[in-house]
Amino acid sequence: MTFFSHQQGIQSIPQFVSPKSHRSTGSLQYDKIIQDMEKILLGDREITPVTPVDKRFACPLCGKLMQNPLQTDRGMVACTSCYEDRRREIGSEICPLDGEKIEHDSFTRLDKFMVREISKIQVQCFYEECKWKGALNDINRHEETDCQYARTECDICRQKVLKKQFAEHRAKDCTGNYDVEMEETFDTEETKMKPKFKCPSCGKEVESSNSHNHWKDCQGTKCPYEQFGCKNTYGRSAKEHEEHISNYHSYDHCVLEFVQGVLEENKNLDSKIMQMTRDKQTMDRKFSSLHNDYQILQNKCKELLEKSQKKDRDINLLESKFQKLYNVVSDLEQNQYEKKESELKNIVGNLSTKGNALFDITKLSESEELIRKVESDQAMLSANLADTNLKVKLLEHRSTNGTLIYRLENFTHRLEQARQGKIFALHSPPCFTSPNGYKFCLRVYLNGDGMGQGTHISIYFVLMRNHYDNLLEWPFQKKISIRMINHKSRQNDKRETFNTDKTSTSFRKPDKEMNMAAGCPKFLDLSSLLNGGYLADDSIFIEVKVEDPVKR
């Protein structure tokens, strides 16, 4: 038998569990929850799971795959957004999952176990052509890095193409504008750029590398330096053209080529500046979105902090009121019973001495009033006596030697209620390892919990907060033995023993009423429990013993 601490991620057990019945509110219709999900949504995109998704991952409020699953203190799970929206609809004081009133010390939290389980769901790629299969939390990384069927945007023509066809698109199909004519070859990675300029004399486009030889063949009549002030013209012969250039602009053609090169570079720079401007605008939008998300997250954190501080104040107030009530009850136990008994004797004595007067008609009304007073005093005395008996009964069941025997009565009826979901968990009376020692109790799931749900009874050990915790050594390091008594043969008693793990938060100093539970999710299968001699007079007996660990 393997023992797990719930804090270590094996199971998710709420810190407070109420044994109240879970009643349907009418808005929660379990029969409408889909049994298996053949399609699931990630944002607004549809994904196909490898196998149908188990119905336990469906939100009981919306029927879809749970997003950010939230768990209540009674173990119910739903989408965080669905839970909060439904609470606002039906009233913030009513739980939308089980219809119970939400107490001021109730709490909810992110179900990390359910988050991990959902993230492991095996799904197929977004694109049907892709044969990739993997975990749900890996699908975005696959699409961004590995999937050849993903669509990517060309940064020149802004057309979306398959990732595996991107290189061919850039080489053949791209319709974007280039600042210079580009000659690309699909078979090689080399890209050759051949800048050209338009001859101002004849209008013909000439490669820059061949501009010097072009003057010898140019058929234009306008001087190429007209834009710089030359007004001379000449015939169409190459000789006249060359003579004019040699006589008037022997060095100017170098300047012209340089200026035209600068203009060509300016065009390239303009294109780059425009691209950088678009990139900056994109980055500004992303930064604005991130800043808004940061503000929202900061507000949520502030709200959670305020709620936590308010809850701490409420807990401290309740502890103070409970202590005052305990002191009042103690005083009543010591004084009130004797006082009321003395008053009652005096009243009875007075009634005996005035018995003859009751027959006097003139004093009948006075006698009736006296009888009513006696009856009122008797009713008050009976109520105080019942409170005293309850306190005495609790003190009788209190154990301070580290050993607790928990008798669980009416077992058959309670097991049936647990199977119907009306009882979630039961707690034993608290027990102490010594008069001023550690305080603990047992938590029992009749229909099982986690790995044992529906097949086994689950039993857990729970440390509780105590007035003497500041005097004790932490973490809690003891040997814990749990035994279920077999009434046919003690040799068949079911026993489980384990030493506490000092690194687990289940055994640290409690900062709430109860620590996380630790124990056996599969303590004993229900078939053996019902038929193996463990049940007597419809009751079972569970013994827990806390001892010092054996030193090696």
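1. Tyr438 is buried, at a relative accessible area of 10%; buried means under 20% relative accessible area, with exposed over 50% and partly exposed in between (1.4 Å probe, protein chains only). Please keep in mind that this is a predicted model, in which local features need pLDDT of at least 70, side-chain atom pairs count only at pLDDT 80 or more, and totals for chains, interfaces and linings use all residues. Residues are numbered from 1 along each chain as its sequence is written, and side-chain values use heavy atoms, with hydrogens and water left out.

2. Now to the aromatic pairs, of which the structure holds 7. Rings of Phe, Tyr and Trp (its six-membered ring) pair if their centres lie within 6.5 Å; planes under 30 degrees apart count as stacked, over 60 as edge-to-face and the rest as tilted. Tyr438 and Phe476 form an edge-to-face pair, because their planes stand at 75°, with ring centres 4.8 Å apart. This pair links distant parts of the chain, 38 residues apart: Tyr438 sits in the loop between β17 (431-432) and β18, Phe476 in the loop between β19 and β20. Helices (H or I, at least four residues) and strands (E, at least two) are DSSP runs, numbered from the N terminus.

3. Phe476 is buried too, with a relative accessible area of 0%. Its ring and that of Phe461 have centres 5.9 Å apart and planes at 15°, so this pair is stacked. Phe461 belongs to strand β19, 15 residues from Phe476, and is buried at 1% relative accessibility. Ring pairs join Tyr438, Phe440, Phe461, Trp474, Phe476 and Phe507 into a cluster.

4. Have a look at Phe461 in the largest nonpolar core, where Phe461, Leu446, Ile457 and Met484 have the most contacts among its 36 residues. Such a core is a set of buried Ala, Val, Leu, Ile, Met, Phe, Trp, Tyr and Cys residues joined through side-chain atoms within 4.5 Å. Elements giving two or more residues to this core include β19 (456-464), β20 (479-484) and β23 (540-547). Beyond four places in sequence, the contacts of Phe461 include Phe440, Phe476, Ile480 and Val546 (contact means heavy atoms within 4.5 Å).

5. Finally, the sheet: an open one of 4 strands, ordered β15-β23-β20-β21 with antiparallel pairing. Its edge strands are β15 and β21 (494-499), each pairing on one side only. Strands pair if DSSP finds at least two bridges between them; β20 and β23 are joined by 6 bridges. Lys479 has Glu547 in β23 as its bridge partner.
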